[in-house]
Amino acid sequence: MSSEWIRTVALCKHYHRGPQTIKAVDDVSLGIERGEFLGICGASGSGKSTMLNLLAGLDSPTSGSIEVDGRLLGSLSRRQLAAYRAHRVGMVFQSFNLIGHRTAQENVELALYFNNTPHRERRVRAAEVLEQLGLGDRLGHCPADLSGGEQQRVAIARALVKRPEILFADEPTGNLDQENSQQICRLLASLNRGGLTVIIVTHDIDLAEKYTTRTIRMHYGAVVSDVKGSTTGGERP
Ligand SMILES: Nc1ncnc2c1ncn2[C@@H]1O[C@H](COP(=O)(O)OP(=O)(O)O)[C@@H](O)[C@H]1O
Ligand SMILES: [Mg+2]
């Protein structure tokens, strides 16, 4: 049996603008296994974010299919799809998207607010994840008092506190300097070694090849290369 967890078949997302068709994602058939750390690379406009949003169930394809854990996303009811996004998937973005007037701990807690998690447990779990990510002494800090790298770690904590099976990150290092970028990538690699499936979008192929276990490259919506074991080993044991 294949250990494929996500399978796309002839996946397309085409936009029509007047007479023009923009093929944001074009005929992508891809299997992703549990435990992979996949990097999706490509130039700006190559379809990376569209691809990620399709896989995360945030967007629906114009044709083709996505199967997750044996179930077609397209066959799920709105409620089931919302549950997939809420419970199984964690999302991280380039711009952190933290609430400015809330502390790090409150930002992370809020991710559990709609999960019917009791208040006390929300606080404890938020503190635990932040400590795990090296932010134990920043629980009471608001985003403005944190560095960019720390803010992104809070955003990652917010995604992880729901205990997702898969973490999606769209250009998570796009707003960070090189040192913080490397630190975030090392963090994602260590979470991956802990068993989390991680899919990261980046235009930085060097970063992807250094840290991920597999790198695909997109060009005009198509996957033009797919290299497994792309890690040099230098950053992984
Ligand atoms: N809602 C939309 N309507 C029309 N075109 C879009 C839309 N979203 C994305 N596109 C186009 O699809 C292509 C891929 O976009 P995107 O997935 O954001 O690329 P990337 O993340 O690699 O920069 C681009 O040409 C973009 O302009
Ligand atoms: Mg993008």
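Two strands count as paired if DSSP finds at least two bridges between them, and helices (H or I, at least four residues) and strands (E, at least two) are DSSP runs numbered from the N terminus. This is a predicted model, in which local features need pLDDT of at least 70, side-chain atom pairs count only at pLDDT 80 or more, and totals for chains, interfaces and linings use all residues. Residues are numbered from 1 along each chain as its sequence is written, and side-chain values use heavy atoms, with hydrogens and water left out.

**View 1. Here is the open sheet, built from 6 strands.** Its order is S6-S7-S8-S3-S9-S10, with mixed pairing. Strands S6 (89–93) and S10 (222–228) are the edges, each pairing on one side only. Neighbouring strands are turned by 15° against each other on average, direction ignored (axes are lines fitted to C-alpha atoms).

**View 2. Now meet strands S3 and S8, a parallel pair.** S3 (residues 37–42) and S8 (residues 197–201) share 4 bridges. Within S8, Val201 is the bridge partner of Ile40.

**View 3. Gly35 sits in the loop between strand S2 (20–33) and S3.** Beyond its neighbours within four places in sequence, Gly35 is in contact (heavy atoms within 4.5 Å) with Asn192 and Thr197. Glu165 is 130 residues away in sequence, yet its C-alpha lies 9.3 Å from that of Gly35.

**View 4. Finally, look at Arg153 in helix H5 (residues 148–160).** Arg153 is buried (under 20% relative accessible area). Leaving aside neighbours within four places in sequence, its contacts include Leu133, Gln183 and Leu187.

How values were computed. Chains are lettered from A and ligands numbered from 1 in the order in which they are written. Axes are lines fitted to C-alpha atoms, for helices over the stretch in contact, and angles run from 0 to 180 degrees between N-to-C directions. Buried means under 20% relative accessible area, exposed over 50%, partly exposed in between (1.4 Å probe, protein chains only). Lys and Arg count as positive and Asp and Glu as negative; His and the chain ends are not counted. A salt bridge is a side-chain nitrogen of Lys or Arg within 4 Å of a carboxyl oxygen of Asp or Glu.
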